[in-house]
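Please take a moment with the sequence and the 3D structure shown here.

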Amino acid sequence: MDQKEEIEQLKSELLQLNQQLKTQHQTIQDLYRRLMQLSKGVDPLAPPPPAPGASLFSGSYENFIGLRLIHLVGIVVLVIGLSIGVKYAIDRDLISEGMRIGLAYGAGVALFVLSVRLRGQYEAFSAILFSGAMASVYFTTYGAYVYYAMIPFAMAFVLMIAFTVFTVYQALSYNRKEIALLGLVGAYAIPFLISKNTDQPALFFLYITLINTAVVFLVIKRGWRLVGAAAQHITWLLFLGWASMQYTEKHQWVGLIFLVAFFALFTFNALASSIFRKEPIREDDRWHLLLNNIAVYLGAVLIMAPGFESDAIASVTLVVSLVMAAEAYALHFLWNEAKTRNSVALLALVLFVIFIAFQWEGLTVTLLWLLTAVLLFAYGIYWKSVWGRMVAVGLMGLTLLKLVAFDSLTFTTVQKVISYLVLGVLLLVVSYFYQKFRTKLFQQNDNP
């Protein structure tokens, strides 16, 4: 064999090996897609393995941008463009009401049909198109009832339920959380792109509650915590925005009903994995629970004390504090999860301290704060709780700060004497307990 023949043979072998590599890579991608469909544990947004010889850049950054980011941004921009286009047509009276609704529905149907046609080859892209389709039909149905009264309430509500059930079914079928994020959670903001919704708060919050129920179902079914967290944050932002800017007294019962509904729904959402999967409460679940509790307190103040009168704020604060205390009690006996229980209990205590500050004034507040600190310290000693003792000491420090920074400017001489004597004696007593029982306190296994 001469040199020329050997070169030709090597070229032929290289071509064959290259073709085999391409075939094997295609097989790997097909197997990965099938595994992604069948396995709940696979991240549906993770890109398939890169082709042989692909650079690190093309396998990470470019894949992220090209396969995960562009279509997400694109469908959001498209849906926003549709909603702004509808608003522009409304403002300029360019087309009839029926035509506006018809075109909006048509856009949703077109996206849906395209998603069906592309699902076989481009499942991730198909899921995004489907999400945009559902967001479009959601806001179109909402607008058809609220703004034009083209369909009765019963029909609008039935359609919303049907869309929600279908979206949940497809999210489970695709096994992709972006459908829930864009198709369900993304539908919250659409009505705000078209109207201020000042006249229909009950319908709007019912609309949100319906979607939130579907979101919580998906969290339970698939464990998609990100979807539940997004729903919680957006819902409370919308509710608190309405309560602070558009709320009127005639809507008080509407506000209270949905305040309680959202609180219960998102408390359940934060604990869903622990309830149904017997998993420990994670750090992010704990934060979602605390943020949910803070949001319900702010919402209750905005609705029940819109004028920010001290008596009204005190009443609201006491009620919410008791609810938080009951929640901490339930966390202790149902889950025995110390960090979450202590976090919620601390929030309940902070609210109780705020209640005292709004309900009374002057020397009474100082003495009641000190009494609360004494009870907490006694709790910490009896139940061997570091948490209880440290919170009690912290409250004593807060009382001292209040006494020096504020009360000294307003108290009479007698009130100052009483306050400083009581606080001084109390601090010395606490110090005595630490000295006397330091062996037991610092060498025993205290409860957290």
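What follows is a set of questions and answers on this model, which is predicted.

Q: Why is the contact between the side chains of Arg-225 and Glu-279 called a salt bridge?
A: The N to O distance between the two side chains is 3.2 Å, and a salt bridge asks for a side-chain nitrogen of Lys or Arg within 4 Å of a carboxyl oxygen of Asp or Glu, so the pair qualifies. The pair links distant parts of the chain, since Arg-225 is in helix H9 and Glu-279 is in the loop between helix H10 and helix H11, 54 residues apart.

Q: What makes Arg-225 buried or exposed?
A: Arg-225 has a relative accessible area of 14%, and because buried means under 20%, Arg-225 is counted as buried.

Q: What makes the pair of Asp-407 and Lys-402 a salt bridge?
A: The closest N and O atoms of Asp-407 and Lys-402 are 2.7 Å apart, and this is within 4 Å, so the pair meets the requirement. Both residues are buried.

Q: Which residues have the most contacts inside the largest nonpolar core?
A: They are Leu-184, Phe-239 and Met-324, in a core of 68 residues. Helix H8 gives the most to this core, with 11 residues. Not counting residues up to four places away in sequence, Met-324 touches several residues, among them Phe-263, Val-296, Val-344 and Leu-351. A second, separate core has 23 residues, including Leu-349, Leu-395, Met-396 and Leu-403.

Q: How do the residues that line the largest pocket divide into nonpolar, polar and charged?
A: The lining has 15 nonpolar residues, 6 polar and 1 charged. The volume of this pocket is about 720 Å³, and of its 22 lining residues the closest to the centre are Ala-328, Ala-345, Leu-376, Tyr-379 and Trp-387. Helices H12, H13 and H14 each supply at least two residues of the lining, and the largest share, 7 residues, comes from H12.

Q: Why does the phi of Asn-175 deserve a remark?
A: Most residues other than glycine have a negative phi. Asn-175, although not a glycine, has a positive phi of about 60°, and its place is in the loop between helix H5 and helix H6. With a relative accessible area of 4%, which is under 20%, Asn-175 is also buried.

Q: Where is Phe-308 placed, and what is its phi?
A: Phe-308 is in the loop between H11 and H12, and its phi is near 55°, a positive value in a residue other than glycine.

Note on methods:
Residues numbered from 1 in each chain as written. Predicted model: local features only at pLDDT ≥ 70, side-chain atom pairs only at ≥ 80, totals over all residues. Heavy atoms only, no water. Helix = DSSP H or I, 4+ residues; strand = E, 2+ residues; numbered from the N terminus. Buried < 20%, exposed > 50% of the residue type's maximum accessible area, 1.4 Å probe, protein only. Core = buried A, V, L, I, M, F, W, Y, C linked by side-chain atoms within 4.5 Å. Contact = heavy atoms within 4.5 Å. 1 Å grid on protein atoms, 1.4 Å probe; cavity = no way out; pocket = protein on both sides within 12 Å on 5 of 7 lines; lining within 4 Å. Points joined across faces, edges and corners; volume = space filled by probe spheres on them. Nonpolar A, V, L, I, M, F, W, Y, C, P; charged D, E, K, R; others polar.
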